[in-house]
Amino acid sequence: MTRHVAALIRHAVDQLPESLVILDVHGNVAFLNQKATEMDSAATMNARTHLNLGFASNRWTSDVKSVLDHLRTSNRSSLTTTARDSKSGRIFRSTFSLLQDASGCHIGTVILTKEIAAPRYVGFAAGDCRADLETLSRRLGGLLVECLETLSDVLESREPYTLGHSLRVRDLAVAMARERWGASMDLAAVSLAGQLHDIGKVAVSPDILTKPGRLTDEEWSIIRTHPVVGESIMQPVARLGEIAKAVRHHHERFDGSGYPDHLAGNAIPALARILAIADSYDSMTSVRPYREAISPSEAINEIQANAGVLYDPDWVRVFLKLMRRNKSE
Ligand SMILES: [Fe+2]
Ligand SMILES: [Fe+2]
């Protein structure tokens, strides 16, 4: 090879967009092109221990020895590894190829490394994965909500005393929220919380739910588990978190006398404070196996009398305004 040709080759490898490192048969660095020299401190490192392949950053290392060992012990002539610089987010792909002489003897290794993705692209790629997961999670969440709505319908159909209760609570809660927050607000959470607030009753025996006459203390304690059971049914879907909390606390009372956590005042989630009024109103005006219904005006008076005691006074005002308007229409 003439000096001219050698110089030509040297220029050619120096102008490669990839970093080129050639190791001898012992794994020591024998040659680096310009790109590798610029970007790496590998010239001073022994490939048998650690070769810094973070050509741009010097921050991450790859155990080259283990790659070389794997390459020699497998029947493969090349191996490709990908590594990411955790600080810069840059991704590098290195191809390790065995160098053989004319008789097939191993005489060294060539490592070609290039950056395969800029941080911006990595961001998009990660975003795409997130988007896929979010879509999947939304679909699964949607399916679970549909199952819960069906379950709620089935639950009510086995208990004639509460037939339509959840939908009436839903409609009243949504009307109250719309009255206070305006029609432009997204009221989907209010609607779903209203419809599913008693879903935990699925764990209560129909014998108890439909028992005529007075319930025993033990039977009441079983019924009182339904808010916690309801919350636990919804917990697997992260986006139902706010609704699950409303379900858990819909029997809390403003003065702290409710259950399950005896929360008081604004410590009770707003959705639960709305549900408490809508649920009480519908329960009072519906026949239950253990008592007769009272009239709508009696129920309204009852709720008004308990503003600030059992119910949030601000939401009671909204409720009264709504009821007055409905009456005059
Ligand atoms: Fe309830
Ligand atoms: Fe209820």
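**Note on the predicted model**

1. The protein has 13 helices and five strands, counted as DSSP runs (H or I of at least four residues for helices, E of at least two for strands) and numbered from the N terminus. This is a predicted model, in which local features need pLDDT of at least 70 and side-chain atom pairs count only at pLDDT 80 or more, while totals for chains, interfaces and linings use all residues. Residues are numbered from 1 along each chain as its sequence is written, and chains are lettered from A and ligands numbered from 1 in the order in which they are written.

2. Of the 329 residues in the protein, 28% are buried. A residue is buried if 20 or more other C-beta atoms lie within 10 Å of its own, exposed if 12 or fewer, and partly exposed in between, with C-beta atoms placed from the backbone. Among contacts with a separation of 6 or more, 48% join residues 24 or more positions apart; a contact requires C-beta atoms, placed from the backbone, within 7 Å.

3. Helix α5 covers residues 165–181, 17 residues in total. Its first and last C-alpha atoms are 24 Å apart, close to the 24 Å expected at 1.5 Å a residue, where the expected span is 1.5 Å times one less than the number of residues. The buried residues of α5 include H165, V169, R170, L172 and M176. G182 follows α5 and has a positive phi, near 95 degrees.

4. R180 belongs to α5 and is partly exposed, with 16 other C-beta atoms within 10 Å. R180 and L322 are 142 residues apart in sequence, yet their C-alpha atoms are 9.8 Å apart in space.

5. The loop between α10 (241–248) and α11 (270–284) contains P260, and the peptide bond from Y259 to P260 is cis, with omega near 10 degrees. H262 lies in the loop between α10 and α11. H262 has a positive phi, near 55 degrees, and is not a glycine; H262 is exposed, with 12 other C-beta atoms within 10 Å.

6. α11 packs on helix α12 (residues 296–305) at an angle of about 145 degrees, with the axes 9 Å apart. Axes are lines fitted to C-alpha atoms, for helices over the stretch in contact, and angles run from 0 to 180 degrees between N-to-C directions. I277, S280, Y281 and M284 in α11 meet A299, E302 and I303 in α12. By class, this contact has five nonpolar, one polar and one charged residues; Ala, Val, Leu, Ile, Met, Phe, Trp, Tyr, Cys and Pro count as nonpolar, Asp, Glu, Lys and Arg as charged, and the others, Gly among them, as polar.

Definitions and conventions:
Contact = placed C-beta atoms within 7 Å.
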